[in-house]
Amino acid sequence: MSMMNGVEAGRNGVRDAVASAAVVDMVAVRTVVVASADAGLRQKLRKSLTGLRWQVREATGGAEAMAQLEDMRPEALLVDSWLPDLEVSEFASVVRMMYPSMEMLRVDGGTDGGARSPRRNELLHALREAQEAPVTDTAAWAAAPASVPKVGPRTSTESNAVRSFVLPDARAGERHENDRVESRAESRHDSLMDGRQDAARQALSMLLGHGEAPRREKSPAGVPQGFQPLPELVGESVPMRELTRLIRLVAPRSSTVLIEGETGTGKEVIAKAIHRLSARSSKPFVVLNCAAIPEALLEAELFGHTRGAFTGAVQSRTGRIEAAHGGTLFLDEIGEMPLALQAKMLRFLECGELQRVGDNELLRVDVRVIAATHQPLEKLATSTGAERTFRLDLYHRLAVFPLDVPPLRERMEDMNLLAEHFLEQMGREMPRKRLTIEAEAKLHEHHWPGNVRELMHVLERGAILAGDKMEIDAAEIRLRRADRR
């Protein structure tokens with residue numbers, strides 16, 4: 001009897017071991033690489049995928065994602081619709097060639113042509129959760145398409161909003177070479193795949209800038225095809241290409257940036273682009289217009305105040321600097337800051353400490369400062385007497401990395417691209433309109449003292465005046481008399 005019990009116990013132990021092994025296999029952690037410059041998107045996807053038992057590796061660009069793929073050979077890749085260092089379509093083509101068995105989902109829309117596997121459904125579920133999660137990052141791309149667009153409940157045709165690339169597992173023969181006998185067809189297949197791998201690695205080397213790539217033809221506009229514009233900045237002229245290059249260089253650092261340019265050139269848009277491309281992108285982007293707040297309240301608004309610090313201070317309040325902790329503070333119209341407050345601002349920039357109005361305690365915060373002005377700040381700082389309205393030491397502290405934004409009249413070759421961009425934006429609320437040749441000619445003849453902002457208003461006015469017509473004619477392009485030259 002005892003022997004029978006022992007045999008039964010042994011059988012139960014075997015069954016338990018098999019069941020345990022099956023459970024471990026079912027809950028095995030799979031690896032996915034999330035490639036996106038948007039730290040907020042990566043954070044949302046990590047939270048959702050971790051709950052689905054995925055091990056998440058993050059990459060801020062295409063080059064970093066390729067390194068992750070080479071090191072870990074993950075089961076899946078989620079790639080954003082824009083990457084700061086590589087063109088997404090070329091990056092996706094190289095990845096498909098090098099890792100054909102890997103699930104790859106893109107968030108730039110499209111249709112899903114294949115049958116969904118359980119793991120792909122989990123990835124799609126994570127993407128939907130990321131889309132539907134509340135936005136806590138104040139650095140939303142105001143003038144560009146979001147990395148993952150917010151949508152409402154999806155219809156059956158909209159449910160395929162994520163493109164998937166799944167090819168047969170060509171690497172299976174490499175991983176299990178000792179476990180099977182390859183036929184001639186399989187050998188030929190492997191040889192073909194080896195050639196594709198070599199070609200893919202060569203393409204990747206060229207894509208990353210290592211080795212010599214074939215000379216690229218230029219587009220009709222004279223812009224090299226390799227130029228990678230920023231979603232926020234519209235234009236392919238030489239000044240805009242140089243500005244884009246400088247933004248990419250300074251964005252990953254914490255250096256203070258001074259953006260100088262005429263009114264209406266889009267200085268705040270540039271500041272948001274710098275913040276988005278930085279490591280601080282998941283933290284707040286706080287804006288303070290120094291010209292919009294009365295001088296008596298500007299210090300309290302900037303540094304905060306305690307209860308009873310001045311008349312009307314019925315409760316303590318956090319200042320804009322403290323609210324931007326870990327992120328970016330954008331000081332618009334910095335030239336309007338009073339001289340007395342400039343000294344306190346200089347102190348903060350030098351040591352990273354602030355003191356609330358009415359408080360003796362020093363607070364240390366980590367904030368990157370981006371300032372903007374339409375005034376000749378250096379001239380104001382080097383003038384003498386009453387004309388000196390800005391501290392020279394503060395100017396040098398702000399202008400660690402100056403950026404000059406070109407006025408519209410100096411990049412008129414971007415006029416048609418800008419007009420199309422604004423008309424497309426307006427087409428979301430009214431029927432999409434286009435410009436006649438005569439209207440385009442009239443736009444090119446104008447001097448544009450109000451720059452890009454003026455162009456946007458002129459086109460909006462023209463769209464309204466056009467009424468039900470689908471075209472905006474020269475008669476609807478009405479310019480202010482004071483601006484005509």
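1. A crossing of two helices is called left-handed if the near helix is turned anticlockwise from the far one by less than a right angle, and right-handed if clockwise. In that sense α8 passes α9 in a right-handed crossing, whereas α10 passes α12 in a left-handed one. The model is a predicted one, in which local features need pLDDT of at least 70 and side-chain atom pairs count only at pLDDT 80 or more, while totals for chains, interfaces and linings use all residues. Residues are numbered from 1 along each chain as its sequence is written, and side-chain values use heavy atoms, with hydrogens and water left out.

2. On the overall make-up, the protein chain holds 17 helices and 16 strands, where helices (H or I, at least four residues) and strands (E, at least two) are DSSP runs numbered from the N terminus. Buried residues account for 43% of its 485 residues; buried means under 20% relative accessible area, exposed over 50% and partly exposed in between, with a 1.4 Å probe and protein chains only. Of the contacts between residues at least 6 apart in sequence, 70% join residues at least 24 apart, contact meaning heavy atoms within 4.5 Å.

3. An open sheet is formed by 5 strands in the order β7-β10-β13-β6-β14, with parallel pairing; two strands pair if DSSP finds at least two bridges between them. Its edge strands, each pairing on one side only, are β7 (285-289) and β14 (401-404). Neighbouring strands of this sheet are turned by 20° against each other on average, direction ignored. Within the sheet, strand β10 (residues 328-332) is joined by 4 bridges to strand β13 (residues 368-373), and the two run parallel; the bridge partner of F330 in β13 is I370.

4. L403 is buried, with a relative accessible area of 0%. Leaving aside neighbours within four places in sequence, L403 is in contact with L243, L246, I247, V257, L258, I259, E260, I270 and I274.

5. Which residues of α8 and α9 meet? L243, I247 and V250 in α8 meet I270, I274 and L277 in α9. The axes of helix α8 (residues 238-250) and helix α9 (residues 267-277) come within 9 Å and cross at roughly 40°; axes are lines fitted to C-alpha atoms, for helices over the stretch in contact, and angles run from 0 to 180 degrees between N-to-C directions. That makes α8 oblique to α9, since angles under 35 degrees count as roughly parallel, over 145 as roughly antiparallel, 65 to 115 as roughly perpendicular and the rest as oblique. An α-helix has 3.6 residues a turn, so residues three or four places apart point the same way.

6. For helix α10 (residues 295-303), the buried residues are L298, A300, E301, L302 and F303, and just after this helix G304 takes a positive phi of about 85°. The axes of α10 and helix α12 (residues 339-351) come within 11 Å and cross at roughly 15°, and α10 and α12 are therefore roughly parallel to each other. The contact is made by L298, E299, L302 and F303 of α10 together with L341, K344, M345 and F348 of α12.

7. Another helix pair consists of α3 (residues 62-72) and α4 (residues 88-98), whose axes come within 11 Å and cross at roughly 10°. That makes α3 roughly parallel to α4. Here the contact is made by G62, A65, M66, L69 and E70 of α3 and by F91, V95 and M98 of α4.

8. Strand β1 (residues 30-35) has 6 of its 6 residues buried, so the strand is largely enclosed by the rest of the structure. R30, V32 and V34 point one way from β1, T31, V33 and A35 point the other way, and all are buried. Strand β2 (residues 54-59) is joined to β1 by 6 bridges, the two running parallel, and V32 stands opposite V56 in β2.

9. A last point concerns S383, in the loop between α13 (377-382) and α14 (392-398). Is S383 buried or exposed? At 15% relative accessibility, S383 counts as buried. A polar atom of its side chain lies 2.5 Å from the backbone oxygen of K379.

Key: Polar contact = N/O pair within 3.5 Å; in protein donor to acceptor, adjacent residues only side chain to side chain.
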